[in-house]
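Hi everyone, thanks for coming.

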Amino acid sequence: MQATMFGRIQSNRQFHLVVKSVSSILLVLGISACGGSGDVNKVIENPDSSNSSSSSSSSSSSSSSSSSSSSSGSTDPWVTGCGTESSNLSAAKIHYVTPGGSNNASGTSWSNAMSLSSAIEGVSAGEMILLQAGTYKIPYTPGNKNTLLLSKDGSSNSPIYMVAANCGRALIDFQFPEGEWVQDSYGFELTGDYWYFKGIDITRAGYQGVYVKGNGNTFEHCGFYNNRNTGLEINKGG
């Protein structure tokens, strides 16, 4: 199933979502009806319309699978651009990140990879956070939030990328146990503008998996599941 939604709220907010399969994504659109002229947020499950004849069951399987990753590139028909380490996306600078990366590392190569939190703090417009395929466990303490805040801004010409290497899958696991939740303990709280995510899965967040307040952000072939509230929510003016 493919659903395309395009709309405008009082001529000052736009949203354009293309969702190939909604089996692993729950969207709640709460677009603010007041404020400035926000840009488009996008969810891309199948940017290649030539594949639209494939069955909904196969697209559901490909979009919800988080465990399949490959260092040599994906064979998933819904993934575009698997020819390079950075999944055919280019950036002015790459911050290399691994599940065991150090907070003190420079992140200039895989051999000196940094942590995800350090990369988020250090990235700037036009740069890329390149994640080695694997699981990134975010420390969890009962009753406390463990949200990762993405507050920096890219631009339409120089977005900030967060990409799984070689078209693999990078799973961000916030580790909230079944039945446990904390109000507003989002996985990613995205207040920044012009971020581009590719091959990222978000699971077990204490509230929404990703809470989007910024504008001009893109999610390509990302998964959101087993979170304690909605998987991906665009709200508060986003």
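Let's start with one side chain: phenylalanine 188 is buried, with a relative accessible area of 1%. Before going on, please keep in mind that this is a predicted model.

Phenylalanine 188 has a ring partner, phenylalanine 174, and the two form an edge-to-face aromatic pair. For those of you who like geometry, the centres are 6.2 Å apart and the planes make 90 degrees. Phenylalanine 174 is buried as well, with a relative accessible area of 0%.

So what does the pair tie together? Phenylalanine 174 sits in the loop between strand S10 (170-173) and strand S11 (188-190), while phenylalanine 188 belongs to S11, so the pair links parts that are 14 residues apart in sequence.

Phe174, Phe188, Trp195, Phe197, Phe219 and Phe224 make up one aromatic cluster. Across the structure there are 11 aromatic pairs.

Now let's step back to S10. Which way do its side chains point? Ala170 and Ile172 point one way, Leu171 and Asp173 point the other way, and all are buried.

S10 has strand partners too. With strand S7 (residues 134-137), S10 pairs in the parallel sense over four bridges. Here threonine 135 stands opposite leucine 171, and tyrosine 136 has isoleucine 172 as its bridge partner. S10 also pairs with strand S13 (residues 200-203), again in the parallel sense and over four bridges. There, isoleucine 172 stands opposite isoleucine 202.

Put together, this is an open sheet of four strands in the order S7-S10-S13-S16, with parallel pairing. Which strands are at the edges? They are S7 and strand S16 (223-225), each pairing on one side only. From one strand to the next, the twist averages 20 degrees.

Let me finish with the whole chain. The secondary structure comes to two helices and 17 strands. Of the 238 residues in the protein, 50% are buried. If you take contacts between residues at least 6 apart in sequence, 64% of them join residues at least 24 apart. The protein exposes about 10200 Å², and carbon and sulfur atoms supply 46% of that area.

That's my tour, and I'm happy to go back to any part of it.

Notes:
Residues numbered from 1 in each chain as written. Predicted model: local features only at pLDDT ≥ 70, side-chain atom pairs only at ≥ 80, totals over all residues. Heavy atoms only, no water. Buried < 20%, exposed > 50% of the residue type's maximum accessible area, 1.4 Å probe, protein only. Contact = heavy atoms within 4.5 Å. Areas by Shrake-Rupley, 256 points an atom, 1.4 Å probe, with all protein chains shown as cover. Phe/Tyr/Trp six-rings, centres within 6.5 Å; stacked < 30°, edge-to-face > 60°. Pairing = 2+ DSSP bridges. Axes fitted to C-alpha atoms, helices over the stretch in contact; angles between N-to-C directions.
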